[in-house]
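Trainee: I would like to go through this structure with you. Could we begin with the terms and then turn to the residues?
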Amino acid sequence: MNEEQLKAAKYLKTVRGQVDGIIKMLDEGRYCVDISNQIAAAQSLLKKANMLILKQHMNHCVKEAFLHDRGEEKVDEIIRLLEKVIDK
């Protein structure tokens with residue numbers, strides 16, 4: 001794994017723990033706003049992990065594709081993904 005992937009994995013492991021904690025909060029009947037804040041924190045880390053993975057993809061896979069004259073397909077792939085990621 002490269003640096004971006006290692007950092008993304010760390011974020012994802014943290015999110016896994018946060019989700020377990022959120023479920024426990026629900027089971028305990030904790031205050032809804034507190035639960036929502038924890039969900040927002042988990043979403044933030046998921047976004048950070050996704051951006052690291054995309055950065056790694058751009059720096060390696062997309063770069064390599066352009067060197068081998070297949071850049072257009074990778075750009076289209078990124079655009080399709082960004083359409084899912086970016087709030088419309």
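Mentor: Let us start with exposure: a residue is buried under 20% relative accessible area, exposed over 50%, and partly exposed in between, with a 1.4 Å probe and protein chains only. This is a predicted model, in which local features need pLDDT of at least 70 and side-chain atom pairs count only at pLDDT 80 or more, while totals for chains, interfaces and linings use all residues. Residues are numbered from 1 along each chain as its sequence is written, and side-chain values use heavy atoms, with hydrogens and water left out.

Trainee: Is V75 buried, exposed or partly exposed?
Mentor: V75 is partly exposed, because its relative accessible area is 31%. The residue is found in helix α3, residues 71-85. Helices here are DSSP runs of H or I with at least four residues, strands are runs of E with at least two, and both are numbered from the N terminus.

Trainee: What is L45 in contact with, leaving aside neighbours within four places in sequence?
Mentor: On that basis, L45 is in contact with Y11, T14, V15 and Q18. Contact means heavy atoms within 4.5 Å.

Trainee: Where is Q18 found, and is it buried or exposed?
Mentor: Q18 is found in helix α1 and is buried, with a relative accessible area of 17%. Neighbours within four places in sequence aside, Q18 is in contact with A41, A42 and L45.

Trainee: Which other residues of α1 are buried?
Mentor: Besides Q18, the buried residues of α1 are E4, A8, V15, I22 and M25. The buried residues of α1 pack against α2.

Trainee: How does the span of α1 compare with what it should be?
Mentor: The two agree: at 1.5 Å a residue, the 25 residues of α1 should span 36 Å, and the end C-alpha atoms are 37 Å apart. The expected span is 1.5 Å times one less than the number of residues in the helix.

Trainee: Changing topic, how many salt bridges does the structure hold?
Mentor: The structure holds three salt bridges, each being a side-chain nitrogen of Lys or Arg within 4 Å of a carboxyl oxygen of Asp or Glu. One of them joins K55 and E4, whose closest N and O atoms are 3.9 Å apart. K55 lies in helix α2 and E4 in helix α1, so this pair ties together parts that are 51 residues apart in sequence. K55 is partly exposed at 45% relative accessible area, whereas E4 counts as buried at 15%.

Trainee: What about K74 and E77?
Mentor: K74 and E77 form a salt bridge, with the closest N and O atoms 3.7 Å apart. They are separated by about one helical turn, because they are three residues apart in helix α3. K74 counts as buried at 17% relative accessibility, and E77 as partly exposed at 32%.

Trainee: Which residues is H57 in contact with, beyond its neighbours within four places in sequence?
Mentor: H57 is in contact with V62, K74, E77 and I78. H57 is found in helix α2 and is buried, with a relative accessible area of 16%.

Trainee: And the pairing of E28 and R30?
Mentor: The side chains of E28 and R30 meet in a salt bridge at 3.7 Å, N to O. R30 lies in the loop between α1 and α2 and, leaving aside neighbours within four places in sequence, is in contact with M25 and I35.

Trainee: One last point: what is the phi of D69?
Mentor: D69 has a positive phi of about 60° although it is not a glycine. Most residues other than glycine have a negative phi. D69 lies in the loop between α2 and α3 and counts as exposed at 74% relative accessibility.
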